[in-house]
Structures are given as C-alpha cells and as structure tokens.
Amino acid sequence: MAKTNQFPRLVRSTPDPLGLFIRSEYNDQRALLDFLHTQKVGFNGVVFNAVHVESQNELLEHVLDRKIDAILDPKTQEMGAIGRYTEKLGALPWGANRPHTPNDFSHIATKHRLVASLTDYCLEKGFTQILAPTHYLKDVEDEWLQIDLDLTRRLWNRLDKSGGDKVDLIYSLTIPYKTLRDHKQRRMLVNQLKTVPMDMLWLKIDHLGADATAPKTINYISCAADFHELGIPIVADYIGGFPALALLAFGAVGGIAHGITNRERFSASDWHKPSDNRGRAPQRRIYVPQLDLMIPRQQAEKLFESFPKARSLFGCQDKKCCQRGTTDMVDKPAHHFLYQRTQKVAGLNQIPEQLRAPHFLERDLRPSTDQILKATKTDWGDEAFNMKLQKQRVRIDTLRVALGEHEQKHRMRSYSPHPQIRATR
C-alpha cells in the first residue's frame, strides 16, 4: 500500500511521540467522550472492540473528527478460542456462528469471505487502522501461524485494491511468555513476520502485564529488541503501570496499549476450555500513580473517609486532573486515570531516547519507593490491604534495583520506532 505523503513539507517535521493507545470496551464511550471534550488528546488512538462498534458510533465519529486513529479490533483471536467465543462474536460479518477452527481456513472461500467482509466493514465505518485477523499461538509450530500470515497478506492486498491504501495494518502477535523467552522460537517468528506486509507489530504476551515482576519486565525488554529488525513500530498490548512505562523508557517498544483502569494484563488461561462466563465488565478502579496501584472504589472511599493520611499518600494532588482531590478521583476514575497515564507518557517523550531509562528510574521509580514505604508504615485497618501494600513495596523496590542494574550493564543496541500519529501520515 502507498504510505508516502505526496505533499511538499514546508517546515521541518518533529519526531512522532511515544505511542499510547486506549482500548474502549462497551461501557467506556462516555468516559472517553468526556475526556476528549475537556482535555488535549494525549494518545494516538482508540481501539474499538468490533462487538461494540455499533453502540459506540458517537465515539467513533468524534475520534475521527479529532484526527486521531480509530483502530478496529476484529476479535478474531477470541473467535478462535472456545472459552472466549460468544454469540455476538459469531454474528459479526466475518463470524461463523461458532468458534473458528484452523480447518475452516483450508478453504480459499473462507479466507476470501473473512478478508472481504473485514475490508468492507473497515472502510464503511471509516477506521484508519485495523488489527490483522490473527489468533493466539501456543508456539511457532502452531497451525494458526501460517493461516494468520496468509490472511494478513490477503487483507493488505484487499485494502489496497479497495481504496484502503491509507488504512494502516497492524499485526497482533499473541503468544505465551515462555514462547517469547525461547530464543530459537523468537528468531523463527521474526523471520516469518518479515515475509508479510504490516505497518506496526503489537505484542500481546500471555501472563504478563501491569503486575509484571522485575525479571519478566527485563526479559520483555531484552526479547522485544529482536523484533526491531522489522524496522516498524513495536507496541506492547494489554500492559500498563510501571512495567509498560519501563518498556517505553528502555526503548523496547515505541508504544503501549491498554484499557481504562483495566485490561492492563493479558491472560489466556480460560481461552481454550468451554466456559459459561461471557465476560462481565470489570469494575472501574481508582488509580494511584505514585504507588502504581489500583484500588477498588469501595476500598478507596473507605480509606479516604477513615484516614486523613490516606488523602496525602494516595490522593491526586494535581489540580489540572482532580480539582477536588480525592472526591474527583473517586467520582471520575476514568478521567483521572487517562490524564495521569497520558502525562506519564508525555513526560517520557520529552527526554532524549538515550536518557529515558535513567530518567524513569530517578523521576518515577525512586519517588514511588519512598511513597510506598511511608504507606506500609500505617495500619489501614484492613489486613488484606496492608498485605497488598507490602507486596507492592517489594515489587517496586525490586523493579527499581533490577532495572537500574540492567541499565548499567546492558545498553539498548536498538530502539523501536515510534508509531506515526495520524496527522503525520
């Protein structure tokens, strides 16, 4: 597909910022609309769950009007997982009214139908980017891999021939953590991905997210570097918190993607066994950025009401974010989370690539270790919460020390390109 801008540049362009993509689920439309109407955008785009597009037309129109990216997630990964399949997924134009199986795609007609319906839907709705129709891979020998590579090539060609040459194609590679860690398998995946056209690669790693330990975070940083050979932006999907910011700071990825106070961790533990659970929407939580902590709303209300000290340790002090402090944190948790996350990513973006890692360690992790230490010295009247804080203190301390040692001993040999913002393209 033609990606070059044919218009002459009158001024020297500025580098694209670090990427931040927000996943919108069925109850997120109002929160995102409120944020987009009251704040500078602060993120690259919104990822729309295909099942909820029809009920989020207002958000889709506003995103397109604001000149940020509207990304379609066709949910083919869930379609091919018996534990995640739903009737609503089956009813999508590219669905089959039952879970997809690899055998379905032994027929050219099935591939053609899926690619054609995806292309038509994407162009009809005006999406500017689309996740390729990929599936969860157990390992590099998984039969879904070759199917996914073929479907991606076909979708690229179909978009190009249908007038969608300006729609960016994103390949979502979804694998277990152990597969990412396997050097041989990782090299084979990189070589396979070199054979397909794509504009971005999104990594979605099973059992790895906002609560990632120091070893897992460092391993992610090291392993992601192999994918830099593709020469395209790498985005860490379904990950948030300090681990996600560390991936950005160390240059392992050029962007991150997650939900609003949720979907910051990916687990496929229930994907491959029958389930009656059709995915209840997780409750909105209260984000405490200085502690990298999510607190259930009822627990946060109790803390702020019962302990004045909690307001100084856990409360938002930024009047541009929460003018009424803890009251706004609890009443507008989505706005608070989005503002704080966009500010963190924007702050990293102001630092030169080579200095981001030490800056993150000194300006983000070190103050947090001091704050969490203060928090653990108080009995909050809830043993479970006390233990949660203690566990968080150990995690952040370990993360700071381990990342500091890694930064000293293993300088990044390459940096992921940043995703191009829609205005640049």
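User: What counts as a charge sitting over a ring here?
Analyst: A charge sits over a ring if NZ of Lys or CZ of Arg is within 6 Å of the ring centre and within 35 degrees of the ring normal. In this predicted model, Lys216 lies over the face of Tyr177, at 5.0 Å from the ring centre.

User: And which ring does the charged end of Lys204 sit over?
Analyst: That ring belongs to Phe266, and the charged end of Lys204 is 4.9 Å from its centre. Phe266 also takes part in a cluster, where ring pairs link it with Tyr136, Tyr238 and Trp271.

User: How many aromatic pairs are there in the whole structure?
Analyst: The search finds 14 aromatic pairs. One of them joins Phe242 and Phe360, whose ring centres are 6.1 Å apart and whose planes stand at 80 degrees, so the pair is edge-to-face. Phe242 lies in helix α10 (residues 241-249) and Phe360 in helix α15 (residues 353-376), so this contact ties together parts that are 118 residues apart in sequence.

User: Are those two buried or exposed?
Analyst: Both Phe242 and Phe360 are buried. For Phe314 and Trp380, the ring centres are 5.1 Å apart and the planes are at 45 degrees, so that pair is tilted. Phe314 belongs to helix α12 (residues 308-314), while Trp380 lies in the loop between α15 and α16, so the pair ties together parts 66 residues apart in sequence. Both Phe314 and Trp380 are buried as well.

User: Switching to charges, how many salt bridges does the count come to?
Analyst: The count comes to 32 salt bridges. Among them is the one between the side chains of Arg284 and Asp28, at 2.9 Å from N to O. Arg284 lies in the loop between β10 (265-266) and β11 (285-288), and Asp28 in the loop between β1 (19-24) and α1 (29-38), so the pair ties together parts that are 256 residues apart in sequence.

User: Where do those two stand, buried or exposed?
Analyst: Arg284 is partly exposed, with a relative accessible area of 21%, whereas Asp28 is buried, at 3%.

User: What about Arg425 and Asp168?
Analyst: Their side chains meet in a salt bridge at 3.3 Å, N to O. This pair links distant parts of the chain, with Arg425 in the segment after α16 (383-409) and Asp168 in strand β5 (residues 168-176), 257 residues apart. Arg425 is partly exposed, with a relative accessible area of 25%, but Asp168 counts as buried at 8% relative accessibility.

User: Which residues do salt bridges with shared partners join into one network?
Analyst: That network consists of Arg186, Arg187, Lys194, Asp226, Glu229 and Arg413.

Terms used. Residues are numbered from 1 along each chain as its sequence is written. This is a predicted model: local features need pLDDT of at least 70, side-chain atom pairs count only at pLDDT 80 or more; totals for chains, interfaces and linings use all residues. Side-chain values use heavy atoms; hydrogens and water are left out. A salt bridge is a side-chain nitrogen of Lys or Arg within 4 Å of a carboxyl oxygen of Asp or Glu. Helices (H or I, at least four residues) and strands (E, at least two) are DSSP runs, numbered from the N terminus. Buried means under 20% relative accessible area, exposed over 50%, partly exposed in between (1.4 Å probe, protein chains only). Rings of Phe, Tyr and Trp (its six-membered ring) pair if their centres lie within 6.5 Å; planes under 30 degrees apart count as stacked, over 60 as edge-to-face and the rest as tilted.
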